[in-house]
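Please find below a short note on the model under review.

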Amino acid sequence: MTRSYHFREVLRGQTPTATSIHCAAFHPIRGTSRPSTHHPCRAPAYFEAIELFVRSRRDTRVPGWSRSFLNPSLVSALEAGRTFEEWLDGRIPGVDYARISADQSTRSAIVAKGREAGTGIRHQHEENIETAAAFGVAIVRFYEDNGLTAVQPAVVRPAFAEMVEALHCRRTPQGHPVQALIATEHERVWRLASDFARVRQAVTVTEEGLFIERRAYFDLSSKANASGATASVDEVNKTKERIERHIRRRSLDGGTPGGRRRFGWLPPDPRSGRKINMRLDPEEWPILREMIESALCGASWNDIARGLNARGVPTASGNRWSGATVRQALTNPVMCGYRALHGELVRDPATGSPVVGQWDVPATVEEWQALVELSQQRGAKRGTRLSNGSPPPGREPQALRKYLFSGYLRCGATRKDGTLCNAKMGGCARPTAKNPDNAVYVCTALDCAGTARSVRDVDSCLQEIVLALLCERHSAVASIPPQWPGAPLLRLLVAERESLEEQFRTGGLTDASFSREASDLDARISGLEAVRDEHCRNWQAVSEAWNPSRWSAMSLAQRRAAIAKVLESVIVLPLPPGRSRRAPFDPGLLRINPVSGV
């Protein structure tokens, strides 16, 4: 029976067509040319697809993820035995690109009141589908970068890179021809002049290339559009500066801190004019005050978190409490009406005293200072996260992982309510008199029985498994020569260049005509050759990454990156009843979940 895939399933990653972007294998296939006239709307499937675009459940991906997937209607057609040409039905094959810098729904702390995760991306896809139907374009593959800015040159957008290569080679990873790019607006595709140059070179590598944005053709050869690409970067930088100045002025005026709703304060209410984090929440305020008093009486952060979780009190984001979240909440200067920017308290320029905000406060200045001092006594370097999680300007964030399999291990114990814990297990030092370097992986959930395993034993066991998977994968990768999808197009352009030279030698072209046409061909050929060289370098890097012989020379970060290529997670089961903790390590209590396809 043929399976039809809904866009909801694709957005959830529940179909074979939805794949995270790593390194795709390309297969050359002959391209198509653009019809001379636009076809009327001959794709009712696109309007059906819009109806199938329902809200997906909240996505568990971390901020900043990319993926691409084939059009579900194409997948269904191929499974039904139809050819790609039959599905295309004379339309122009193209790709859809969507990007958003920050999905507001993933940042909302108001549970079930904000937009669902992925809404911004989904809306862009819906609009692009409508645009494609209006212009007679069939979207072959969808590309999306969620939570990735296009302004910072150091930020890599995997979906953008794969989309540009597909357009440049006129092939998708599955070998389907593409020649048109559709986006809601060009700012979604590029912000930097270098990215604009890449897109322009990819779309215009053949005369049939198209870029459609804002429901109109976008002339990539226009000098005005080229200069506008650079101007847009300056505009973004100026906007960021204006926002920073605005935040600074608001803090000096004592304005309420924005961002997420904090535990203990009410969400915004536009009807009454109430701003976020301004007025106390009558239900959470007594609990927040109880947390402060418990901490001042000597209760640990973890004890406070356990008590809250046992009572079923969630954080402002609807999650379970941990010792870290309790500490961060109570030591934040907003507790006493102060505000911090980039790690420093906001002070009145005239008096030098901290500015007191206009929001309700649950603690006095003395109580907040005592909480900060308490946090420092317990080992915190600064006592409070004044910078809201971001390092001060000019300081790079530091890597937190110290143990090889931290974050890959999941606790397999059963909670008191009968549910599987499945919390991440992290490494921590447990020095003993006989072994001062002793360390263990422990469950991080406060309401768990505390599954733990020796770091030495777990690392030794899992390294053998990882190396075996890497060796198997390396053999498979090394046996496949790199196939570049742009080879047919490059050969075609080179042949055109040789034909042009022959015409010039026989007197069929004037010097001016030859110079103009040869210059254009040379630019397109050199652009394709650059893409080919980059493709080969990427393949070589992937091949080397699978090579287990490099393991001993790898750094911790490189080893963890290699582990990520073959290992999804490892379930660590608790010791069976009656078994001593001093019993020999049992590898049978580890459940390996390799990466799909490995």
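The points below take up a pocket, a loop residue and the cysteines.

1. The structure under discussion is a predicted model, and the remarks that follow should be read accordingly.

2. The second largest pocket has a volume of about 1,100 Å³. Its lining comprises 30 residues, and those closest to the pocket centre are V440, A452, R453, S454 and R581.

3. Three elements, β12 (439-443), β13 (452-454) and α15 (455-478), each contribute at least two residues to the lining of the second largest pocket. By residue class, this lining is made up of 14 nonpolar, eight polar and eight charged residues.

4. T206 lies in the loop that runs between α9 (193-203) and β6 (210-213). Is T206 buried or exposed? Its relative accessible area is 14%, and because the limit for a buried residue is under 20%, T206 counts as buried.

5. Which residues does T206 touch when its neighbours within four places in sequence are left aside? The contacts of T206 are then with R170, L489 and R524.

6. As regards the cysteines, the structure contains zero disulfides. C336 has a relative accessibility of 7% and C461 a relative accessible area of 16%. Both values fall under the 20% limit, so C336 is classed as buried, and C461 is likewise buried.

Note on methods. Residues numbered from 1 in each chain as written. Predicted model: local features only at pLDDT ≥ 70, side-chain atom pairs only at ≥ 80, totals over all residues. Heavy atoms only, no water. Helix = DSSP H or I, 4+ residues; strand = E, 2+ residues; numbered from the N terminus. Buried < 20%, exposed > 50% of the residue type's maximum accessible area, 1.4 Å probe, protein only. Contact = heavy atoms within 4.5 Å. 1 Å grid on protein atoms, 1.4 Å probe; cavity = no way out; pocket = protein on both sides within 12 Å on 5 of 7 lines; lining within 4 Å. Points joined across faces, edges and corners; volume = space filled by probe spheres on them. Nonpolar A, V, L, I, M, F, W, Y, C, P; charged D, E, K, R; others polar. Disulfide = S-S within 2.5 Å.
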